[in-house]
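Work through the following exercises with the sequence and the model in view, and compare each solution with your own reading of the atoms.

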Amino acid sequence: MSDCIFCKIVAKEIPATILHEDDDVLVFMDIGPIIKGHALVISKKHYDPVTETPDDILAKLHITAKRIAAAQMNALGAGGVNIMQNNGTAAGQEVPHIHVHVIPRFKTDGHHWNWNPTAYDDFEEIAKLAEKMRNHL
Ligand code: 5GP
Ligand code: ZN
């Protein structure tokens, strides 16, 4: 995709700090880290969103994310990692090219996700939503 910023990074048309590269995936440092050390694992081919990404590529992205997570813990001393993958503007995705965020976390990093659990009206509401989804699996 000629107007995709991540395709341009793959093509080395714009610079990025690359951590790892193979035939299928590229890993580079996120320019706007949630926590310093934040890396992005992307497919070399343009796919978007997750539902349009081939299973083998998706598996490779997540296996690579696991390796990056280990590096963040072993090399940076992270106590944990957040592995995230956004799809669609409704989900906060800014770059429409499949990518997995790997974010190192430290007890003292001060970051808090805006994770505010809500509630269902009743069990029937849960069951109805589950039934709708089950019918599309
Ligand atoms: P999204 O919101 O699409 O899940 O995440 C896109 C991520 O790409 C953001 O965390 C953003 O900081 C990062 N990003 C956007 N443009 C560039 C760029 O040109 N270079 C790098 N290294 N990261 C980028
Ligand atoms: Zn792309």
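The protein chain has three helices and five strands, where helices (H or I, at least four residues) and strands (E, at least two) are DSSP runs numbered from the N terminus. This is a predicted model, in which local features need pLDDT of at least 70 and side-chain atom pairs count only at pLDDT 80 or more, while totals for chains, interfaces and linings use all residues. Residues are numbered from 1 along each chain as its sequence is written, chains are lettered from A and ligands numbered from 1 in the order in which they are written, and side-chain values use heavy atoms, with hydrogens and water left out.

**Exercise 1.** Describe the surroundings of ligand 1 and its polar contacts.

Solution. Begin with the shell: 16 residues surround ligand 1, and the closest are Asp 30, Glu 94, Val 95, His 99 and His 101, a residue being near if one of its heavy atoms lies within 4 Å of the molecule. Next, sort the shell by residue class, which gives eight nonpolar, six polar and two charged residues; Ala, Val, Leu, Ile, Met, Phe, Trp, Tyr, Cys and Pro count as nonpolar, Asp, Glu, Lys and Arg as charged, and the others, Gly among them, as polar.

Then look for N or O atom pairs within 3.5 Å, the cut-off for a polar contact. A nitrogen atom of ligand 1 lies 3.3 Å from a backbone N or O atom of Ile 31, whereas an oxygen atom of the ligand lies 2.9 Å from a polar side-chain atom of Asn 86. At Val 95, a polar backbone atom is 2.8 Å from an oxygen atom of ligand 1. Finally, turn to the elements: helix H1 (5–10), strand E2 (25–29) and strand E5 (99–105) each give two or more residues to this shell, and H1 has the largest share, with three residues.

**Exercise 2.** Which kind of aromatic pair do Phe 6 and Phe 28 form?

Solution. A search of the whole structure finds one aromatic pair, given that rings of Phe, Tyr and Trp (its six-membered ring) pair if their centres lie within 6.5 Å, with planes under 30 degrees apart counted as stacked, over 60 as edge-to-face and the rest as tilted. The ring centres of Phe 6 and Phe 28 are 5.5 Å apart and their planes stand at 80°, so the pair is edge-to-face. Phe 6 belongs to helix H1 and Phe 28 to strand E2, 22 residues apart, and the pair thus links distant parts of the chain.

**Exercise 3.** Locate the cis peptide bond.

Solution. The bond joins Asp 48 and Pro 49, with omega about -10°. Pro 49 has its place in the loop between strand E3 (39–43) and helix H2 (55–76).

Definitions and conventions. Polar contact = N/O pair within 3.5 Å; in protein donor to acceptor, adjacent residues only side chain to side chain.
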